[in-house]
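My notes follow the sequence and structure.

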Amino acid sequence: MRRALTALPVASLLLLAGCGAGTTTPASPPADSPAPSANPPGEVGEATEEEVGAGWDEVPDTPIAEEEDLSDDERSDFLRLEATDPARETSCRPEDLTGQLRYWDAALGHRFGSILLRNDADTDCTLSGFPGLGARGEWGNKFHVEAEQELYHRPEEHLARDVDGEAPPPVSLAPGEIAEAYLEWTGALAGSGSEWAQTLYVQTDREATPVAVPMDLQAIVEDPQDPMYPGEPLSIDIGMFTKLRVGPFEEPGEYVFRLADEYELLPPGDTR
């Protein structure tokens with residue numbers, strides 16, 4: 001049973017290239033500097049009717065595959081927009097990540113939240129650049145969402161776009177630590193009688209299989225006062241043609257840890 005979205009109060013969220021005279025070669029970056037993103041932020045627009053195909057707005061009369069029964073290739077097929085960064089030796093492996101979508105706040109026609117990914121491996125790993133995105137509906141359909149990778153900054157009490165800002169550095173995650181990417185969804189939101197998103201697919205680098213992030217579970221940071229608290233499933237109103245705007249991976253905002261500290265919900269041995 002779906003519950004209505006509830007607005008939550010939240011405590012929010014160039015490389016300058018110098019040109020020298022003549023043929024002077026620019027200095028090389030230090031050996032331990034992270035490699036720059038191979039691709040700039042990207043976007044994908046509205047889907048065509050040919051892409052969507054017939055019957056997308058009808059409940060199928062065939063069995064719907066469970067998430068655990070999908071192959072890596074099938075999960076990858078749900079992507080609409082690829083991650084920007086290549087795989088590196090230190091990159092987090094998708095099988096070592098637990099994902100969660102946090103719903104934080106709402107405005108007229110807009111929803112704001114965070115994609116959280118926790119490192120469940122026993123070694124450090126890194127996430128960098130912008131995640132790739134895709135979604136699967138509760139009827140098993142690939143969602144033809146619009147998707148845009150865009151820089152954000154953290155105002156005092158809400159999210160805002162900052163397209164001229166500086167991208168954050170790669171995030172290094174020790175075991176049990178969390179990275180965050182802001183998410184806004186707007187436009188054609190899911191309504192009564194339409195298919196709602198069941199799984200968000202988050203690609204961490206260009207070579208990675210997407211991490212399956214369930215829409216109806218709070219798996220990392222749990223807040224008993226949150227309408228998404230375990231046992232109280234909440235459907236996120238991302239629909240077939242919803243527009244998603246996602247920010248880069250970065251260290252999570254203090255509010256994530258404030259909730260965790262208040263309710264003592266981070267796992268034992270947390271290394272923050």
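**Confidence**

A contact here means heavy atoms within 4.5 Å. I found pLDDT below 50 again over residues 260-272, a stretch with 20 contacts beyond near neighbours in sequence.

This is a predicted model, so I note the ground rules: local features need pLDDT of at least 70 and side-chain atom pairs count only at pLDDT 80 or more, while totals for chains, interfaces and linings use all residues. Residues are numbered from 1 along each chain as its sequence is written, and side-chain values use heavy atoms, with hydrogens and water left out.

Confidence is lowest in helix 3 (residues 254-263), at a mean of 53, and highest in strand 5, at 97. Helices (H or I, at least four residues) and strands (E, at least two) are DSSP runs, numbered from the N terminus.

**Disulfide**

How many disulfides does a search of the whole structure find? I get 1, counting a pair of cysteine sulfur atoms within 2.5 Å as a disulfide. Cys-92 and Cys-125 are the partners, with S to S at 2.0 Å. I read a torsion of about 80° about the S-S bond, so this disulfide is right-handed. Cys-92 sits in the loop between strand 2 (79-81) and strand 3 (97-107), and Cys-125 in strand 5 (residues 125-127), so the pair ties together parts 33 residues apart in sequence.

Are these cysteines buried or exposed? Cys-92 is buried, at 3% relative accessibility, and Cys-125 is buried too, with a relative accessible area of 7%. My cut-offs: buried is under 20% relative accessible area, exposed over 50%, partly exposed in between (1.4 Å probe, protein chains only).

Next I traced an open sheet of 6 strands, in the order 1-7-14-11-4-3, with mixed pairing. Two strands pair if DSSP finds at least two bridges between them. Strand 1 (43-44) and strand 3 are at the edges with a single partner strand each, so one side of each has no neighbour in the sheet.

I then looked at strand 11 (residues 178-189): 9 of its 12 residues are buried, so this strand is largely enclosed by the rest of the structure. Strand 4 (residues 110-119) pairs with strand 11 in the antiparallel sense over 9 bridges. Along that pairing I picked out Ser-114, whose bridge partner is Tyr-182, and Ile-115, which stands opposite Ala-181. Strand 14 (residues 238-246) also runs antiparallel to strand 11, joined by 6 bridges. There I noted Thr-186 opposite Lys-243.

Between strand 6 (residues 132-137) and strand 12 (residues 197-203) I see 6 bridges, the two running antiparallel. Ala-135 stands opposite Leu-200 of strand 12.

How values were computed. pLDDT is the predictor's confidence in each residue, from 0 to 100.
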